[in-house]
Amino acid sequence: MEAVHAHGHADHAHHPAGILRWVQTTNHKDIGTLYLWFAFTMFIVGGVLALMLRAELFEPGLQLWRPEFFNQLTTMHGLIMVFGAIMPAFVGFANWQIPMMIGAPDMAFARLNNWSFWLLPPAATLLVASFFVPGGATAAGWTVYVPLSTQMGPGMDLAIFALHIMGASSIMGSINIITTVLNMRAPGMTLMKMPLFVWTWLITAYLLIAVMPVLAGAVTMILTDRHFGTNFFNAAGGGDPVMFQHIFWFFGHPEVYIMILPAFGIVSQIVPTFARKPLFGYSSMVYATASIAILSFIVWAHHMFTVGMPASAQLFFMYATMLIAVPTGVKVFNWIATMWKGALTFETPMLFACGFIFVFSMGGFTGLVLAIAPIDIQVQDTYYVVAHFHYVLVAGSLFAIFGGTYYWIPKWTGHMYDETLGKWHFWLSMIFFNVTFFPMHFTGLAGMPRRVPDYALQFADFNMISTIGAFGFGLSQLLFLWAVVKCIRGGVKAADRTWEGAEGLEWTLPSPPPYHTFETPPVVK
């Protein structure tokens, strides 16, 4: 009797209820859920900052904000969206899906997984709190360029600390993902049989481990320049401000691939399902992903064509950047070939996947334009650049996150989402996204600089259109929240195989054994 009682007591101690369950959880699904809700919260915060920017830009002249505050909004919008919204959302997907896709019982380091997540809310708090310290948040841009960042107030120190913590979280999460994928696959699942989402995350995790310490080094050097009398970036003391840009972009360029590779993985799961045929060119997709990751390390200075580097360096970075278009093109053609002659249906996940392919390709083409050094020198730091990277990051990363959420939420909750709500969310997002960002190509080509709160009268009409689009896009996201909450609270029960009739479902192998769905590790016969 004692033993039973003791066992019951211990059992109770290991399963805390209520809020403690979420604080102490080591379950990969719980942690994935935490990441996704955190990311959505930060997405709303970053989105509100973006709408504050667009409100100022609705018409020429200074309406609402002081120029310094406008620049603080720009900086914090960028940092919050990159480190608070997009990256944690993809880590949430990784936590939920990778163990199930490879037949593992959980992540390799369950408590490290909990710690990786719980570093993020304090870091996000620090980041947002920098608005409320003397001098306000840093106004140096999300790239925290020197010498601006060495002269900002204490908000800059809070941002540096927040970046350190978020970087540590990313590194630990990546170690966990790599260990899980390499050591915990079900028997018989070779690397080349893994679902593509797992592949893209494995490669992304290596990228994160490679570049996060570089960012940590860069911001630490800023910190010591600010407070300890070093002169890494101070030209007057023998330092080099351009060196900061080299270090930052050596992190920053692989970082943009960190934000798109998991999106490629999600789209590569969705498209075969709704085309009802296996992914075209599986191995070429794996090699293309790896090629993109490797090439991402040798293109960083295409962000720096205007710093006065020699023509030979400009040529190298120009050609290396264009080279990345090849594996990226391979992926796009493979998705289209997967759809070719398939039995296509267009449920919400497929709409987002197709929207992703179309709009991401447009962002890719403007990236190719920006890779051409003489053109880039003309449009550097204009709205053309803003249009380019929002096409890649909003219509790229974010649309993939939406698509992945609609695709897997029946598996996560046991309920089907409301298809009508999902379709409204897609079409409103798609239309308003383009209304917001397409005109920026024109304002940029006409010479409107970014990060400036006032502008010449000639840009008034396009800016007004962009602002209207931005508010439309922001409000459309409330539909997404509604659809998700409604799905969590109940609704039509999801079938065992949610997307019935779709081959190559995401939690089965590319060529699955008939008896198995990898919900649990298989029995080896």
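Is K341 buried or exposed? Select K341 and find out. With 76% relative accessibility, K341 counts as exposed, because the cut-off for that class is over 50%. Keep in mind that this is a predicted model.

**Stop 1**

Check its backbone: phi of K341 is near 60 degrees, a positive value in a residue other than glycine. Most residues other than glycine have a negative phi, and most peptide bonds are trans.

Next, select V146 and P147. A cis peptide bond joins the two, with omega at about 0 degrees. P147 belongs to the loop between α6 (120-129) and α7 (148-151).

Now jump to D381. You are in the loop between α15 (373-379) and α16 (383-413). D381 is not a glycine, yet its phi is positive, about 60 degrees.

**Stop 1: salt bridges**

How do the two ends differ in cover? D381 is partly exposed at 37% relative accessible area. R450 has 16%, so it falls under the 20% cut-off and is buried.

Show E68 and R66. Their side chains meet in a salt bridge, 3.1 Å from N to O. E68 is partly exposed, with a relative accessible area of 40%. R66 is partly exposed too, at 49% relative accessibility.

Move on to K423 and E419. Their salt bridge has its closest N and O atoms 3.7 Å apart. Both residues lie in helix α17, four residues apart, or about one turn of the helix. K423 has a relative accessible area of 30% and is partly exposed. E419, at 23% relative accessibility, also counts as partly exposed. The count for the model comes to six salt bridges.

**Stop 3**

Select E56, in helix α3 (residues 28-56). Side chains of opposite charge can pair when their charged atoms come close. What about E56? It is buried yet has no salt bridge. The nearest side chain of opposite charge is R54, 10 Å away. Show the surroundings of E56. Leaving aside neighbours within four places in sequence, E56 is in contact with G61, L62, Q63, L64, W65, F70 and P453.

**Stop 2: the nonpolar core**

Which residues touch the most other members of the largest nonpolar core? Color F83, W201 and F356: these are the ones, in a core of 161 residues. Then highlight helix α4 (residues 67-102), which gives the most to this core, with 22 residues.

Zoom in on W201. Not counting residues up to four places away in sequence, W201 touches F90, V91, A94, I98, I177, L208 and P262.

**Stop 5**

Helices α17 (419-445) and α18 (460-489) are the elements that give two or more residues to the patch. End on F442, which lies in helix α17. At 39% relative accessibility, F442 counts as partly exposed.

Key
Residues are numbered from 1 along each chain as its sequence is written. This is a predicted model: local features need pLDDT of at least 70, side-chain atom pairs count only at pLDDT 80 or more; totals for chains, interfaces and linings use all residues. Side-chain values use heavy atoms; hydrogens and water are left out. A nonpolar core is a set of buried Ala, Val, Leu, Ile, Met, Phe, Trp, Tyr and Cys residues joined through side-chain atoms within 4.5 Å. Buried means under 20% relative accessible area, exposed over 50%, partly exposed in between (1.4 Å probe, protein chains only). Contact means heavy atoms within 4.5 Å. Lys and Arg count as positive and Asp and Glu as negative; His and the chain ends are not counted. A salt bridge is a side-chain nitrogen of Lys or Arg within 4 Å of a carboxyl oxygen of Asp or Glu.
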